[in-house]
Amino acid sequence: MVQTITPVVHGGRRSRWSMTLALHTLGAVVSAGAFGVALGTVGAVLGAPWGTAGGLLVGALALLYAARELFGLPIPIPDRRRQVPEWWRTTFSARTAAFLYGLGLGIG
């Protein structure tokens, strides 16, 4: 993906690189925003906030994962071992591919 938005690919032209980077950022913001709206909707439907118990649960999880990072504890993290399709880079223009990569990676 980096090969799609680096200045080397665009012949060092800053304006083309800037536009490609902006499209990647736009794609990431759009998909992350949509995901946030979806999570917020689910939370509203389930009756969030869940009061003190919900706050304590989130705090406990935060401390658990902080301990994981600080002390190397073997606590699993939610993870998807997925990559964006490489064929997008060869099939679409650099700008379209950068936008699609942003959409695919924006959720995190």
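Contact here means heavy atoms within 4.5 Å. The structure is a predicted model, so to speak of local features takes a pLDDT of at least 70, side-chain atom pairs count only at pLDDT 80 or more, and totals for chains, interfaces and linings use all residues. Residues are numbered from 1 along each chain as its sequence is written, and side-chain values use heavy atoms, with hydrogens and water left out.

Starting with the overall fold, the chain has five helices and zero strands, with helices being DSSP runs of H or I of at least four residues and strands runs of E of at least two, numbered from the N terminus. The order from the N terminus is simply α-α-α-α-α. Of the contacts with a separation of 6 or more, 54% link residues 24 or more positions apart. Buried residues (under 20% relative accessible area; exposed is over 50%, partly exposed in between, 1.4 Å probe, protein chains only) make up 18% of the 108 residues. The chain exposes about 7900 Å², and carbon and sulfur atoms supply 68% of that; the areas come from the Shrake-Rupley method with a 1.4 Å probe.

Helix α5 covers residues 94–106, and its 13 residues reach 18 Å from first C-alpha to last, close to the 18 Å expected at 1.5 Å a residue (the expected span being 1.5 Å times one less than the number of residues). Its buried residues are A97, A98, L100, Y101, G102 and G106. Just after α5, G108 takes a positive phi of about 100°.

G108 also turns up in the lining of the largest pocket, alongside D79, R80, R82, Q83, V84, G104, L105 and I107. A pocket is an open set of points on a 1 Å grid over the protein atoms alone, where a 1.4 Å probe fits, with protein on both sides within 12 Å along at least five of seven lines; lining residues have an atom within 4 Å of a point. About 270 Å³ of space lies in this pocket, its volume being the space filled by probe spheres set on the points. The lining divides into three nonpolar, three polar and three charged residues, with Gly counted as polar.

Two other residues are worth a look. L73 sits in the loop between α3 (51–71) and α4 (87–91) and is partly exposed, at 36% relative accessible area. Neighbours within four places in sequence aside, L73 is in contact with A67 and R68. W87, in helix α4, is likewise partly exposed, at 49% relative accessibility.
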